[in-house]
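Subject: Structure for your review

Hello,

Please find the structure below, followed by notes on what was found in it.

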Amino acid sequence: MQINLNLSSRLLCTLKKTLSRSISDIWLFRITLVVITIFYVLTLRAGHYWVGDDLQYIQHAINLVEGKPYINPLYISNAVASVGPIAYPPIFPLILSVIYVLFGLNFIAIKVALISFFISALSILKANLKQYASTITIIFIILYLGFNPEFWDFKDQILSEFPFVCFSLLALFLMQISDLKQSYAYAALLGVTMYLSYGIREIALILPLVLITYELWHYRKVTIYSILAMIIFVLLVIVQKLSLGLVPIPVELNQQLDLLVDSGSASPTTFSYVNLSFENIFKQGVKYFWSLYHILQIRFLPYSGYFYLIVNICVLTGYLKALFQKIRFIEIYFVGYLCALLLFAGYDGFRYLMPILPFYIMYLFTGFLKLASLCNHTLKLSLVGLLLITYINIAGFLEKESNFVSQPTYDVKLDELFSFISEHTQATDVIVAMQPRVIAFFTQRQASTYPGHKPEEFMKYLRAIQAKYLVTSPSLQKPQNTKEVDWVLTHHDSELFLVFDNETFKVFNIESQKANIR
C-alpha cells in the first residue's frame, strides 16, 4: 500500500513538472511573438521605396473595391517591354481590398496587416517543427527569423510574401493533420488552403505535388482524402480563372497591338519566365547560393567563406537527419520548391527564397546540434554560435539603417517627378520609364518600361506606342538600361528635349513621336 502511494506521488509530481514546463514554454513562445511584433511595428518607416509590384497589387485591390477592370489599363505591358505579368493572382489584392475598405489608401495600415501575417506564419511554423526539435530550439529559430535584418527590412514592403508564407505553412501543417486524422473535413480545409496559397503566388502548384509525392512514397497510392483536397483545389483554381476572365479587360493601345503583331509575341504571364535550359538552372543555382550567404549576414565575419561552408554542412546534416527519420511533407516541399526556383528565369533572392528559409534555418539548427553532440561540447558551441549570430545580425541592422538614410531625399525627388508629370503633361500622354507601374499609379498616365531589345530598337518602340515623354534616372538604372538610354540620347538628340531635371530624374519630351517607324 505504501509503495502504491509513493508511486502515485511520484507520478503526480512528474505530471505537475511536465505541465508546469509546458505552460512555461507556451508563455515564453507568446512573449517571443509579442516582442517581435512590437519591434516590427515600432520600427516601421514612414517612407517607401516603390518597386512596382506593390503598386500593381494595390491597384488590383482598388479596382476590385471600385468595380473597375481588374487589370490596370494605364500599365502598358507586352512582349517587347515588360517588368512582369500584366495581372497578379487575386487573393493578395483581395486581402488588400479589405484594408482599403476599412482604412482607405493607408500604407501603414497595410504594413501592420502584413506584419500580422508574418507573426501568424511564425506561430504556424512552431506547429510544423514540433516533430523536428524541442520547444526551446524552436523558440531560438523563431527569434533568429524575427530578428534577421532581411525579414525585418522586408516588413516595410507591400508585397505578397508574408501572406504566402503564412498560407503555405498552414497547408503543410494541414497535410500533417489530414494524414494523421484521415478526415474529410481536414482534407477540404487543406484543399482551400492550398488554393489560397496558389491564389497569392502560382508557385504554390508545388503543394499538391508535395501531397501526391508523400502519399505515393508512403502508401503507394493517393488516398481518397487527398483526392478530395485536390478536387477542391482544382475547382477553386477554375473559379478563379473564370472570374478573372469575366472581368472586362481594357483594349490596349492600337499602336501597341500593331507592334505585337509585328513581333509575333504575346504579353508575358508568370509561366512565360520558365526556362528549362541547363545554363539557366546553373546560373539560378549560383545566384541563390550566394543569396543565402547574404541573407545569413555571414559576410560580416572574417573568413566568411569557411563559415558559410560550415553552415551548409550543418544544413545538409539537418536535412539528412530528418530524411533518415522519415520522409515528411517538409522535406519534399523544401527540395520541390528549390527545384521550381531553379527552373524559373526570374530572380529575386530573398523574396523568392523566403517560403523555404524557415526550414533552411531549422535544418541549420538541428544539424548544428547533431554535430555538436558528437563533440560533447553542445553547450559551449551553442553559446559561441549565439554570440556570432548576435554579432552579424547587429552588423546587418546597422547596414540596413545606414542604407536607409538617403530614403527621405529619394522620396522628395520622386514626389517632384510625379508633380511635374501630373501638372505639365496631358492625361492622354504616354510615358516611358524604368518603373512604369509607379508612374501610372501616382500620375494616372499611361506608362511603359524600356524595351528589352538592342539600343537601336529603343526609338522604334517609343514611336510605336506614340510615347510623348522619356524618364531616365541614371543613378538608379541598371548598366544595360544606362547603355541603351545613352545610345538613344546620343543618336537622337535632335528629337529629345530635356524638360525636367532634379538630379535624380530627368524627363525628355519626344518631339517626333508621330514619325513613321523606319
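Phe39 has a relative accessible area of 25%, so this residue counts as partly exposed. Tyr40 is at 0% relative accessibility and is therefore buried. Please bear in mind that this is a predicted model.

Aromatic pairs come to a count of 37. In one of them, the ring centres of Phe39 and Tyr40 lie 6.1 Å apart; the pair is edge-to-face because the planes stand at 65°, and the cut-off for that class is over 60 degrees. Another pair, Phe289 with Tyr308, is tilted, with 4.8 Å from centre to centre and 55° between the planes. Phe289 belongs to helix H12 (residues 278-295) and Tyr308 to helix H13 (residues 304-325), so this pair ties together parts that are 19 residues apart in sequence.

Next, charges over rings. Lys126 sits over the face of Phe29, 5.2 Å from the ring centre. Arg437 is placed over the face of Tyr75, at 5.9 Å from the ring centre.

Then the surface. What makes up the nonpolar surface patch of about 740 Å²? The residues are Tyr184, Ile224, Ile227, Ile231, Val234, Leu235, Ile238 and Leu242. Helix H10 (residues 224-246) contributes the most to this patch, with 7 residues. Ile224, one of the patch residues, is located in helix H10. Its relative accessible area is 47%, so Ile224 counts as partly exposed; that class runs between 20% and 50%.

Last, a tryptophan. Is Trp217 buried or exposed? Trp217 has 52% relative accessibility and so counts as exposed, the cut-off being over 50%. Trp217 is found in helix H9 (residues 206-219). Between Trp217 and Ile327 there are 110 residues in sequence, while their C-alpha atoms are 8.5 Å apart in space.

Regards

Methods: Residues numbered from 1 in each chain as written. Predicted model: local features only at pLDDT ≥ 70, side-chain atom pairs only at ≥ 80, totals over all residues. Heavy atoms only, no water. Helix = DSSP H or I, 4+ residues; strand = E, 2+ residues; numbered from the N terminus. Buried < 20%, exposed > 50% of the residue type's maximum accessible area, 1.4 Å probe, protein only. Phe/Tyr/Trp six-rings, centres within 6.5 Å; stacked < 30°, edge-to-face > 60°. Lys NZ or Arg CZ within 6 Å of the ring centre and 35° of its normal. Patch = residues over 30% accessible without salt bridge, like charges linked within 9 Å, V, L, I, M, F, W, Y side chains within 5 Å. Areas by Shrake-Rupley, 256 points an atom, 1.4 Å probe, with all protein chains shown as cover. Salt bridge = Lys/Arg side-chain N within 4 Å of Asp/Glu carboxyl O.
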